[in-house]
Amino acid sequence: MHEISLCYSLLDTVAVHQRANMDKSVSLVHVKVGPLSGVEPDLLHHAFLACRTHTIGDQATLRIDTSAIKIRCKLCGEFSRVSVNHILCASCGAWQTDLIEGDEFILQRIEFIAPDNVTESKERKHVR
């Protein structure tokens, strides 16, 4: 289950940003996961709960957004949203396509709780 190693890497990245934000508490870790990333969202969530214990993110919530698979046809140039097992151009049916979106694992945002309970956030960092 490589989701555990991804969570440790994610928490290491969060720790770097936490130190840069004067050790404020981390309240939310928000990631975006594509269906072709090899990451199972449910397994990632369970791994995060286990990995966050005794770390800077021990009280943090993990929010996981999933993305669609988006391709561009090399033959007709059309963009399509497709399913995991059917990566064909929706317009002409060609298999010659470029993947535009769907294989990402992105740290979208980290939210911190300031001592006066004001929530701050850091935006969009790629993790891998």
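Okay, one term before we start: when I say two residues meet, or are in contact, I mean they have heavy atoms within 4.5 Å. And keep in mind that this is a predicted model.

So, the overall picture. The protein has two helices and seven strands, and from the N terminus the order goes α-β-α-β-β-β-β-β-β. There are 128 residues, with 40% of them buried. If you take the contacts with a separation of 6 or more, 62% are between residues 24 or more positions apart.

In general, you describe two packed helices by the angle between their axes and the distance between the axes. Here, H1 covers residues 3–20 and H2 covers residues 41–51. Their axes come within 8 Å, and they cross at roughly 55 degrees. So H1 counts as oblique to H2, since the roughly perpendicular range is 65 to 115 degrees and roughly parallel is under 35. As for the hand, H1 passes H2 in a right-handed crossing.

Which residues of H1 and H2 actually meet? On the H1 side you've got Glu-3, Ile-4, Cys-7, Tyr-8 and Leu-11. Across from them, H2 brings Leu-43, Leu-44, Ala-47, Phe-48 and Cys-51. Sort the residues of that contact by type and you get nine nonpolar, one charged and no polar.

Technical notes
Residues numbered from 1 in each chain as written. Predicted model: local features only at pLDDT ≥ 70, side-chain atom pairs only at ≥ 80, totals over all residues. Heavy atoms only, no water. Axes fitted to C-alpha atoms, helices over the stretch in contact; angles between N-to-C directions. Helix = DSSP H or I, 4+ residues; strand = E, 2+ residues; numbered from the N terminus. Parallel < 35°, antiparallel > 145°, perpendicular 65-115°, else oblique. Left-handed = near helix turned anticlockwise from the far one by under 90°. Nonpolar A, V, L, I, M, F, W, Y, C, P; charged D, E, K, R; others polar. Buried < 20%, exposed > 50% of the residue type's maximum accessible area, 1.4 Å probe, protein only.
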